[in-house]
Amino acid sequence: MSLTDRSQGAAGAPAPPPPGGRRRGPTVADIVRAVTSGPLPVRVSAYDGSSIGPADAGITLSIRTERGLSYLLTAPGDLGMARAYVSGDLAIEGVHPGDPYEALRVLAGVRMRAPALADGLALVRELGWERLLPPPAPPQEARPRWKRIVAGLRHSRTRDSSAISHHYDVSNAFYERVLGPSMTYTCAVYRSPDDTLEQAQANKYDLVAGKLALRPGMRLLDVGCGWGGMVRHAAREYGVKALGVTLSRAQAQWAQAAIEREGLSGLAQVRHLDYRDAPREQFDAVSSIGLTEHIGVRNYPAYFGFLRDRLRPGARLLNHCITRADNRAPHRSGAFIDRYVFPDGELAGPGRVISEIHDAGLEVHHEENLRQHYALTLAAWCRNLVEHWDFCVAEVGAGTARVWGLYMAGSRLAFERNGIQLHQVVATRNGPDAVNGYPLRPDWLP
């Protein structure tokens, strides 16, 4: 089909030419048809009055402005769509912006294709070459990787601090509405799909405590502690002396205030520190819940070596992190995640994580994949965002709220389809003669 054929209306018939018989340049619908193949599972409507796709589709993508079209054309894939959506130039009708899961599930079935070279050149000529000049990115977008060098080398202390601040220093009030009372921004553990989010997060902390064999009087180091959920739970429920460190100043301030409010100051503490600056002493247990994703795969040897050195002989480490589904997938995240969610974030396969833990001089005893649990956790966070949408928009702006809805719904889909996983690994630092006191069978199981 020629790129200058007219758009299809609801009945699928070509639109008539304008008065006088002269054809204008291609419509937005023509462009969509040129870069997709097969029937569309959604409807696409545009500012120029053209549309394509079934009229009775439950989901409609509405391209509202010429700038939105330019975003889509100049950054094909998830980055261009994210720019248009975050800026409000692309709307998704049929779902709530706090939980666009159903739209993303349907859109996953859209088949993209590159038009023939001659057709592509004809399309660009008719659109105008100025369409290939990308508009300024929305303010929520981080700089591209090559520009971040001004903040230091990848995973240097200053650049890591900047990346963490981009994601976590959004607004504590915003996170309170999305994450719920536990302020826990990691995978929960569901004994049943009917568990509440708070029950599931308590289950997770109890599981971690059991795997670490926490007892009153023990000393726990929790690196990348977030808002102090594990630190507070260990102190309150197990009588553990817990220290948490986080690179987010906003997290540390909130967590320390919560510790004082809950009367846990004698047992728990959260400090604003890079994990590399944590006290150089040995603890009875170390937990790393959701930090490995931020440190960079090539830094795994140093990271796990650091954690080993913080364990007394015979003590346990629990590492909880998102992984790729296999060891062949690329480590770096896609453009949307890198620019809008986790700058410089990297994921490896579970085999790589376990190998690096072993190579650091630790012995792995147990591994568990909680992939399905993270999909349920993300669904619960999206429900919270929908429920508190007006507050969240007032707190952080509509663009940032849309980023979070898109990110969490997309991540839920990725966990459901085994695109990514969540693994907990238990390891020990062995004493002389490989003595570690680890039981013959896991002591946290019945």
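This is a predicted model: local features need pLDDT of at least 70, side-chain atom pairs count only at pLDDT 80 or more; totals for chains, interfaces and linings use all residues.
S62 stands opposite A91 in β5. Residues are numbered from 1 along each chain as its sequence is written, and side-chain values use heavy atoms, with hydrogens and water left out.

The mean pLDDT (the predictor's confidence in each residue, from 0 to 100) of the chain is 88, and 89% of the residues reach 70 or more.

Strands (DSSP runs of E, at least two residues) and helices (runs of H or I, at least four) are numbered from the N terminus. Two strands pair if DSSP finds at least two bridges between them.

Four strands form an open sheet in the order β3-β2-β4-β5, with mixed pairing. The edges belong to β3 (51-52) and β5 (90-93); each has a single partner strand, so one side of each is left without a neighbour in the sheet.

β3 pairs with β2 in the antiparallel sense over two bridges, and the two strands form a hairpin with four residues between them. In the turn of this hairpin, G49 has a positive phi of about 90 degrees. Next, β2 (residues 43-46) runs parallel to β4, joined to that strand by four bridges. V44 is a handy landmark here: V44 stands opposite I52 in β3 and also opposite L61 in β4. Finally, β4 (residues 60-63) meets β5 in the antiparallel sense, again over four bridges.

## Rings that meet

Rings of Phe, Tyr and Trp (its six-membered ring) pair if their centres lie within 6.5 Å; planes under 30 degrees apart are stacked, over 60 edge-to-face and the rest tilted. How many aromatic pairs does this rule give? The count comes to 16.

One of these joins Y275 and Y303, whose ring centres are 5.1 Å apart with planes at 85 degrees, so the pair is edge-to-face. Y275 lies in the loop between β9 (268-272) and β10 (283-289), and Y303 in helix α12 (residues 300-309), so the pair ties together parts that are 28 residues apart in sequence. The rings of Y300 and F304 have centres 5.8 Å apart and planes at 70 degrees, so that pair is edge-to-face as well. Both Y300 and F304 lie in helix α12, four residues apart, about one turn of the helix.

| Residue | Relative accessible area | Class |
|---|---|---|
| Y275 | 11% | buried |
| Y303 | 0% | buried |
| Y300 | 2% | buried |
| F304 | 0% | buried |

Ring pairs also link a cluster made of F174, Y175, Y185, W227, F342, Y374, W381, W404, Y407 and F415.

## A mostly covered helix

Helix α9 (residues 229-238) has seven of its ten residues buried. They are G229, M230, V231, R232, H233, A234 and A235. What do these buried residues of α9 pack against? Their neighbours are α8 (197-211), β7 (219-223), β8 (241-246), α10 (249-261), β9 and β10. Just after α9, G239 takes a positive phi of about 65 degrees.

Conventions: Buried means under 20% relative accessible area, exposed over 50%, partly exposed in between (1.4 Å probe, protein chains only). Contact means heavy atoms within 4.5 Å.
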